[in-house]
There are 2 protein chains.
Amino acid sequence: MVQTKLTTVSDKKKRTITKAEELAKGQREISVAEFFTKNRHLLGFDNPRKALLTTVKEAVDNSLDACEEMNVLPDVSVKIIALGGKEASVADRFVVTIEDNGPGVVKKQIPNIFAKLLYGSKFHSMKQSRGQQGIGISAAGMYGQLTTGKPVKITSKIDPKRNAMYYELHIDTQKNEPEILKEEEVEWEKDHGTKVTIELEAKYVKGKQSVDEYLKQTAIANPHVTLTYISPEKKKTNFPRVTEEMPAEAKSIKPHPYGVELGILMKMLKSTKAKNLQAFLKKDFSRVSPKIAKEICDKAGVYEKSRPSRIATQEADNLFKAINITKIMAPPTNCLVPIGKDLIEKGLKKEIDADFYIAVTRPPAVYRGNPFQIEVGLAYGGDIPSDHISRVIRFANRVPLLYQQSSGAVFKAILGTNWRNYSLSQSKGALPTGPLIIMVNIASVWVPFTSESKEAIAHYPQIIKEMKLALQEAGRQLSIHIRKRKHAEHEEKKKSYIEKYLPHVGIALKEILNLKQTEEQKVEVNLKKILEKHRE
Amino acid sequence: MVQTKLTTVSDKKKRTITKAEELAKGQREISVAEFFTKNRHLLGFDNPRKALLTTVKEAVDNSLDACEEMNVLPDVSVKIIALGGKEASVADRFVVTIEDNGPGVVKKQIPNIFAKLLYGSKFHSMKQSRGQQGIGISAAGMYGQLTTGKPVKITSKIDPKRNAMYYELHIDTQKNEPEILKEEEVEWEKDHGTKVTIELEAKYVKGKQSVDEYLKQTAIANPHVTLTYISPEKKKTNFPRVTEEMPAEAKSIKPHPYGVELGILMKMLKSTKAKNLQAFLKKDFSRVSPKIAKEICDKAGVYEKSRPSRIATQEADNLFKAINITKIMAPPTNCLVPIGKDLIEKGLKKEIDADFYIAVTRPPAVYRGNPFQIEVGLAYGGDIPSDHISRVIRFANRVPLLYQQSSGAVFKAILGTNWRNYSLSQSKGALPTGPLIIMVNIASVWVPFTSESKEAIAHYPQIIKEMKLALQEAGRQLSIHIRKRKHAEHEEKKKSYIEKYLPHVGIALKEILNLKQTEEQKVEVNLKKILEKHRE
């Protein structure tokens with residue numbers, strides 16, 4: 001009896017389970033590593049060719065950032081070996097090793113930095129750097145593991161007096177946590193630095209989107225770097241530094257009030273250590289003086305001595321609106337390290353054989369509270385083919401962008417510029433045609449890429465506007481050059497006409513006026529003088 | 001003395017802190033919510049206009065998925081109200097409410113589902129659904145919070161016999177965890193369902209990328225859905241269902257061996273419950289019979305009774321290679337729910353006034369272990385403008401894709417098809433020109449979008465190939481129609497010539513042969529017969 005009753009209860013229970021309850025059983029957390037394993041194309045691992053480039057790029061970017069943090073001139077080597085006894089062009093598996101002379105990574109952090117996604121130091125600091133998300137190098141390791149089962153191998157030395165550490169790591173994608181397969185102290189001849197080795201399925205192809213091109217463009221935009229490259233074809237290339245001067249050190253800044261959103265403002269109000277509103281605005285933002293802080297509070301109708309944590313949603317909304325109608329100085333420049341007009345022109349000259357070079361570095365501007373700065377370089381004429389559309393070279397914080405040219409802000413800004421104003425031809429909706437190379441660099445504490453694979457810059461109106469202004473400024477200079485050149489060509493033509501026809505005029509005059517040989521020459525000289533004078 | 005010594009030690013300590021140790025202090029975990037707050041453009045919140053569409057889209061997609069899970073015909077209402085007493089076209093803040101008659105969400109899961117990124121049931125199941133990442137609706141709520149400070153509001157009822165639950169939620173972006181601001185039982189007249197309200201900064205614009213267009217296209221690809229829409233202009237639109245039949249239920253499947261990567265295979269070998277390799281291959285994959293499993297093991301040179309957890313990296317690699325050279329049946333179709341040839345043609349007919357409609361549903365194929373199926377519909381002639389390039393309508397699992405047309409696989413497949421073979425004109429690198437609308441739908445257990453904002457499909461070669469095949473098949477049908485039409489037009493012309501000139505010929509003959517009226521008519525009729533016969 002008892003048993004029967006129990007069964008009935010259990011049956012009833014079964015019947016009352018709703019669809020929502022059934023569905024709830026499957027609802028759970030998704031690890032970010034699982035997410036990116038499935039969505040690897042978001043990180044630049046769409047195909048074997050791109051995977052090779054992305055792996056090299058992530059490691060080199062990290063190396064350059066690290067060396068600059070330490071203020072040491074970067075010596076970075078890249079070595080790619082084709083596996084399976086195959087020729088480089090047909091191999092499908094490679095070992096990639098990148099070595100630098102940076103500060104190294106402390107033992108405790110090596111597993112996190114190299115085998116955990118969304119882990120790093122750059123995300124939370126408002127400071128210009130190549131890496132920013134704490135994803136790249138771990139994703140490259142994860143891709144290697146996924147395609148070859150092999151761990152990522154790291155050697156790191158942080159102090160000349162201590163031994164280096166050697167690690168072999170897997171990533172546990174279900175937890176997004178590192179798995180240490182091997183950990184040991186090893187001897188390493190250098191004082192400090194990091195070496196990363198990743199084995200992965202990939203394809204080695206040359207051309208505009210190749211590792212070779214990436215390294216070449218990196219050398220252009222980073223004249224203080226020495227790069228050594230051993231290609232899968234075992235060819236060694238050296239890109240020696242052309243300046244011994246380190247770029248200015250990038251400083252961390254506080255957020256600028258313009259562009260900070262209401263939701264962020266509310267979060268900051270809750271977590272600030274400042275005792276009152278005025279102090280909060282001054283201390284937690286850049287470019288807010290006590291006077292400006294008071295002005296903002298007054299405009300918002302909020303007492304400036306209020307406790308920040310006590311500010312209600314409506315008051316926060318008022319503050320937010322007040323900020324955006326108050327005149328506040330542009331953010332400090334020292335968080336940005338543009339390449340600079342001179343070095344851009346040098347870089348272009350080194351690489352491109354042209355008649356005319358011009359570079360423009362715009363003053364810093366702000367999008368969503370993030371300072372950024374646009375630089376443009378143009379190279380015109382010379383060996384550049386004149387019947388093609390212009391070539392575009394894009395950089396973000398000195399990192400070459402090789403993919404998705406047509407979907408980013410740079411492309412939009414170039415298309416949105418009327419190049420016919422600058423003596424160039426341009427079809428509707430197309431890049432200008434002519435012997436022109438356009439280089440654009442954005443320097444920012446936070447570059448808004450259209451995807452995590454960092455290929456193109458998102459269409460923020462402020463960014464596109466600055467790019468257009470820089471392009472226009474450079475375009476005007478170029479236009480002056482082109483017009484001068486055209487004028488000179490025109491003059492040259494006229495002059496050559498005079499040279500060519502004058503003797504005939506002389507002969508004609510001689511015959512008409514029946515002049516002597518000496519008289520004829522005299523007339524000719526005089527005539528030339530008159531004509532030249534007139535022409536000028 | 002002691003003090004001095006201590007100071008010295010501390011000084012020494014300070015001196016020996018390496019750069020790596022200094023940097024380590026800043027190295028820490030980044031929450032996925034912080035990541036997506038900064039990278040909101042990845043989720044479709046680039047600008048206020050798109051934010052409105054994305055918010056509606058995420059909520060409607062969830063509602064449709066939920067109703068289909070419960071096998072109930074979806075009744076979904078969308079209401080958008082402009083705030084601040086402004087006209088819809090100039091307002092900058094809106095309240096969006098989406099309500100459905102789905103199963104609801106259990107109390108315990110409401111905060112996670114609506115205020116935690118990467119949380120859901122769809123990611124880990126291999127089953128066709130609109131949502132897949134567990135990001136969308138939480139991201140919409142997060143965007144609302146960021147721009148207005150307001151919480152997301154949810155009402156959910158899972159059982160006619162119980163009260164509904166009402167929640168107001170914030171998301172703690174630093175932890176990616178929900179914050180419950182309000183939680184209460186409320187009465188709600190319906191039996192079950194979910195209502196979500198989000199207040200956000202946005203912009204209401206009509207046109208090809210609008211909420212209005214999204215709902216219209218959703219109605220086309222989902223003929224079993226009834227949609228009610230109250231626009232910010234307070235206009236009410238009804239899209240009633242045209243079929244009472246639910247789409248076939250999508251089944252969950254196991255992964256197909258083709259395309260499963262080495263890394264994934266190794267992970268599966270470690271965590272399987274199967275006792276030996278043969279059983280593992282049979283149980284954990286779809287379409288692997290014991291015979292096929294044995295064949296794979298033999299080809300790999302691995303004993304089929306080995307314990308899966310004991311398989312070493314090299315053996316796993318051999319198995320991986322063996323899988324890819326073994327003939328295995330295509331994955332089961334029942335995990336995919338295409339719209340179907342008939343309903344596509346009906347949908348197109350309902351929406352577009354054309355002369356000719358054709359739809360093609362391809363058999364399922366596989367990319368990276370994920371089954372997918374491509375459908376193409378063409379509408380030609382009629383009211384479609386004939387001097388424009390073709391219009392493209394894209395869907396993924398019946399969800400309209402309104403952005404980034406030119407960067408996805410659909411565009412590439414259409415450009416890669418030679419439409420001149422199908423009697424259409426096409427400029428190099430352009431869409432075909434003519435009175436043509438091209439509709440493409442991909443049905444898959446996992447649609448590989450190029451970004452989390454789900455705008456375009458990534459360039460997987462297998463997907464592009466299937467799209468091309470479907471386009472070609474439809475193109476051939478279209479070509480037959482166009483040629484027939486041209487032929488008919490030609491015939492019509494010839495016929496009209498006969499009709500036009502025959503009487504004159506009759507008159508001429510009459511005069512030449514001096515015929516009577518009756519004879520003339522007789523000759524004319526006979527002549528016409530002969531000519532018509534000849535023409536045919």
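Visitor: Why are α8(A) and α6(B) called roughly perpendicular to each other?

Guide: This is a predicted model, in which local features need pLDDT of at least 70 and side-chain atom pairs count only at pLDDT 80 or more, while totals for chains, interfaces and linings use all residues. Residues are numbered from 1 along each chain as its sequence is written, and chains are lettered from A and ligands numbered from 1 in the order in which they are written. The axes of helix α8 (residues 262–271) of chain A and helix α6 (residues 136–148) of chain B cross at roughly 75° and come within 4 Å. Axes here are lines fitted to C-alpha atoms, for helices over the stretch in contact, with angles from 0 to 180 degrees between N-to-C directions. Angles of 65 to 115 degrees count as roughly perpendicular, under 35 as roughly parallel, over 145 as roughly antiparallel and the rest as oblique. The pair α8(A) and α6(B) is therefore roughly perpendicular.

Visitor: Which residues make the contact between α8(A) and α6(B)?

Guide: From α8(A) they are A:Leu262, A:Gly263 and A:Ile264, and from α6(B) they are B:Gln145, B:Leu146, B:Thr147 and B:Thr148. Contact means that the C-beta atoms of two residues, placed from the backbone, lie within 7 Å. By class this contact has three nonpolar, four polar and no charged residues. Nonpolar covers Ala, Val, Leu, Ile, Met, Phe, Trp, Tyr, Cys and Pro; charged covers Asp, Glu, Lys and Arg; the others, Gly among them, are polar.

Visitor: What makes up the side of chain A that touches chain B?

Guide: The contact takes 55 residues from chain A and 55 residues from chain B. Elements giving two or more residues to the chain A side include α2 (19–24), α3 (32–38), α4 (48–70) and α8 of chain A. The largest share, five residues, comes from α2(A). That side divides into 24 nonpolar, 22 polar and nine charged residues.

Visitor: Why is A:Leu118 called buried?

Guide: A residue is buried if 20 or more other C-beta atoms lie within 10 Å of its own, exposed if 12 or fewer, and partly exposed in between, with C-beta atoms placed from the backbone. A:Leu118 has 20 other C-beta atoms within 10 Å, and is therefore buried. This residue sits in the loop between α5 and β4 of chain A, and its phi is near 55°, a positive value in a residue other than glycine.

Visitor: Why is B:Ser423 called partly exposed?

Guide: B:Ser423 has 17 other C-beta atoms within 10 Å, so it is partly exposed. B:Ser423 lies in the loop between α13 (409–415) and β16 (425–426) of chain B, and has a positive phi of about 65° although it is not a glycine.

Visitor: What is the order of the eight strands in the open sheet of chain A?

Guide: The order is β7-β6-β5-β8-β3-β2-β9-β10, with mixed pairing. β7 (177–186) and β10 of chain A are the edge strands, since each pairs on one side only. Five bridges join strand β2 (residues 75–82) of chain A to β9(A), and these two run parallel. Four bridges join β9(A) to strand β10 (residues 236–239) of chain A, which run antiparallel. The bridge partner of A:Leu227 in β10(A) is A:Phe239.

Visitor: Where do the domain bounds of chain A fall?

Guide: Domain 1 is 34–239, domain 2 is 262–324 and domain 3 is 332–536. Such bounds come from an automatic or database domain assignment. The centres of domain 1 and domain 2 of chain A, taken over C-alpha atoms, are separated by 43 Å.

Terms used: Pairing = 2+ DSSP bridges.
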